[in-house]
Amino acid sequence: ASNSSREGAAGAWLRTPLAPGEVITAQSGAFERDPQESSTTDEELSRAGSPGSRGGGGSTTPDYGEKRLPQALIIGVKKGGTRALLEAIRAHPDVRAVGTEPHFFDRNYEKGLEWYRNVMPKTLDGQITMEKTPSYFVTNEAPRRIHSMAKDTKLIVVVRNPVTRAISDYTQTLSKKPEIPTFEVLAFKNRTLGLIDASWSAIRIGIYALHLENWLQYFPLSQILFVSGERLITDPAGEMAKVQDFLGLKRIVTEKHFYFNKTKGFPCLKKPEDSSAPRCLGKSKGRTHPKIDPDVIHRLRKFYKPFNVMFYQMTGQDFQWEQEESDK
């Protein structure tokens, strides 16, 4: 059934499409593109797919093997921990991944599958080709397009408490557009009535149940792995064990690959044998969030709670975001 003919549990009032890459509503005039995360250029992509580029596994991609369409995709969510997951899985010798985000199924689809294949690193038999573009999860056409490429594609979604995700999203935009309105202004349609503006993408992305409904029309739940962004920080090896099992890989990325970086406040990958320094995420990660009025946070938690509960029911997993909040 199509989205329009099927009245989804999350309600038609939330169904206005989100433009690919949209981060802030037109009212603020800000349109965000993180150079590290989302504004991948054609030149970067052709470099990413060329011999000698780092295709993963901590070493340069050899000039043999062949380029294949990806068998697994990290499809979301923005500011959930997708970069950390990609860097960790690239430490596996049987994984080759593009470092830049191809944005094929949302922005570059008209370029065709050959263009997409060409962006990929070369792999040998038995190696898995991967890419990550977190905006796929909220792109209406992405499930159908990925399904038509290969209906057995494995999908990974990193999810995180939607309230902290929204604040992180806003923080990223603020670092580039200091003139944008405050989080509080953007989050409400009507502050006095406490009406949340669900059309603002920073909030909308976190309505995971709504987006997942779209994917379940094309893919069985068994083909989608949900990774906890929180546990990726507190127990990276545990989450990576699940990822490797899901991809059918030997558990090679383990505790010994990670150390906790106190300055950044999250785990980093220990140095691969052939490089001189440990790999930590770039300076655009771990930014300090602006102080948000506690009443706004309370209202956002109330807004997300029914959607979170629906998401737990749909996935059969309890991410304990409500519990986490009541502990504080």
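1. A residue is called buried when its relative accessible area is under 20%, exposed when it is over 50%, and partly exposed in between (1.4 Å probe, protein chains only). Helices (H or I, at least four residues) and strands (E, at least two) are DSSP runs, numbered from the N terminus. In helix α2, the buried residues are T82, R83, L85, L86, E87, A88 and I89. Helix α2, spanning residues 82–89, is thus described as mostly covered, with seven of its eight residues buried.

2. The model is predicted: local features need pLDDT of at least 70, side-chain atom pairs count only at pLDDT 80 or more, and totals for chains, interfaces and linings use all residues. Residues are numbered from 1 along each chain as its sequence is written, and side-chain values use heavy atoms, with hydrogens and water left out.

3. A nonpolar core is a set of buried Ala, Val, Leu, Ile, Met, Phe, Trp, Tyr and Cys residues joined through side-chain atoms within 4.5 Å. The largest such core contains 56 residues, and Y116, F183, W215 and F311 have the most contacts inside it. Helix α11 (residues 294–315) supplies the largest share of this core, nine residues. Another core, of 23 residues, lies apart from it and includes A88, I128, M130 and V243.

4. Contact means heavy atoms within 4.5 Å. Leaving aside residues up to four places away in sequence, W215 touches I75, Y136, F137, A142, P143, I146, L155 and I224.

5. Helix α8 (residues 208–216) packs against α11 at an angle of about 30°, with the axes 8 Å apart. Axes here are lines fitted to C-alpha atoms, for helices over the stretch in contact, and angles run from 0 to 180 degrees between N-to-C directions. On the α8 side the contact is made by Y208, A209, L212, E213 and L216, and on the α11 side by F307, M310, F311, M314 and T315.

6. An unreviewed UniProt entry places the feature "binding site" at several positions, among them K79, G80, G81, T82 and R83. UniProt positions follow the numbering used here, feature names are shortened, and annotations may be inferred rather than shown by experiment.

7. G80 lies in the loop between β2 (72–76) and α2, and G81 is placed in the loop between β2 and α2. G80 is buried because its relative accessible area is 6%, whereas G81 counts as partly exposed because its relative accessibility is 22%. Not counting residues up to four places away in sequence, G80 touches V158, R160 and G229, while G81 touches V158 and L232.
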